[in-house]
Amino acid sequence: MARMVPSVPRIQPGQVSPTRPVPEGIAAPPYVANGGIPITRPLPPVTDPDALARLRRSCQAARRVLDVVGAHVRPGVTTDELDAIAHDAYLAEGGYPSPLGYRGFPKSLCTSVNEVVAHGIPDDRPLADGDIVNCDITIYLDGMHGDCSATFLVGQVDPEVQRLVAVTRQALEVGVAQVRPGGRVRDIGRAIERLAKRSGFGVVRELVGHGIGEEFHSTPYVHHYDEPRDRTKLVPGMVFTIEPMLTLGLPDIVQWDDGWTVVTFDGSPSAQFEHTVRVTEAGVEILTQV
């Protein structure tokens, strides 16, 4: 059974600052000119050397932006300040912040604090000692999206919440370890769910990993639990994200009225880690690896 922690004040929506501008010289993904509405299409395996080189550059840039943001996580900093840091880091890489304008999202990264599972909008709330925050970075560079995230500890964090974060990082690792040619998408979720159950944590079922590359989101969709319908066979060149979200309490979620912020129904903390990976002839390449 998933564990509970002592009740703490729930996260409340803060003030969101105006959208930050992007210079005209930075190429934006097509959905920006389409009112933020993407055209979702299946993506072929990435095998062309030029396309693969561009994908690798994008994913490595995303990782560098994440590392820059993570270095600034501390008590007292607002998530809006983290957004400003991320925004400048994206531009320094020569890339566009993929979340900015996607289906109307107003910021350049997602910051998900404590019980916020995903898609938190950066605002004026300062991070407090004992918080955890997931920072989700996606960059559009050289015609490719690169996507990764990590959950950071803010000051002195409850030991059980620290364990949640550590196990969630491990869940990403065991999921990635299942990626190999001839395997199936289901293998990934099965391994993650097995670890989560053994550790006493819940697995969010409604939010999934996804194909990525020339599009921000595409097939295959990667569930982080044992989903029998995930029969897609893994073939060399296939690119997708793995991004497990584990909870200290029940895995049930609800969305705020802002249309984005997803939180645990019971207010328990949630953690997430994410990589973009590519299936290779020999196994897996972690494109957003440190």
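**Notebook: salt bridges**

D142 comes first: I looked up its relative accessible area and found 36%, so D142 is partly exposed. I note that I am working from a predicted model.

Next I asked which residue forms a salt bridge with D142. I found R57, with the closest N and O atoms 2.7 Å apart. I then checked where the two partners sit, and the pair links distant parts of the chain. R57 lies in helix α1, residues 49–70. D142 lies in the loop between β4 (132–141) and β5 (144–153). I logged the separation as 85 residues. R57 has a relative accessibility of 39%, so I put R57 down as partly exposed.

I turned to D131 and R125. Their side chains meet in a salt bridge, at 3.0 Å from N to O. Is D131 buried or exposed? I read a relative accessible area of 5% for D131, which means buried, the cut-off being under 20%. For R125 I read 22%, and R125 is therefore partly exposed.

I also looked up R278. Its salt-bridge partner is E285. The closest N and O atoms of R278 and E285 are 3.7 Å apart.

Then I looked for linked groups.

Last, I looked up the total. The structure holds 21 salt bridges. My entries include the R57–D142 pair, the D131–R125 pair and the R278–E285 pair.

Technical notes. Residues are numbered from 1 along each chain as its sequence is written. This is a predicted model: local features need pLDDT of at least 70, side-chain atom pairs count only at pLDDT 80 or more; totals for chains, interfaces and linings use all residues. Side-chain values use heavy atoms; hydrogens and water are left out. A salt bridge is a side-chain nitrogen of Lys or Arg within 4 Å of a carboxyl oxygen of Asp or Glu. Helices (H or I, at least four residues) and strands (E, at least two) are DSSP runs, numbered from the N terminus. Buried means under 20% relative accessible area, exposed over 50%, partly exposed in between (1.4 Å probe, protein chains only).
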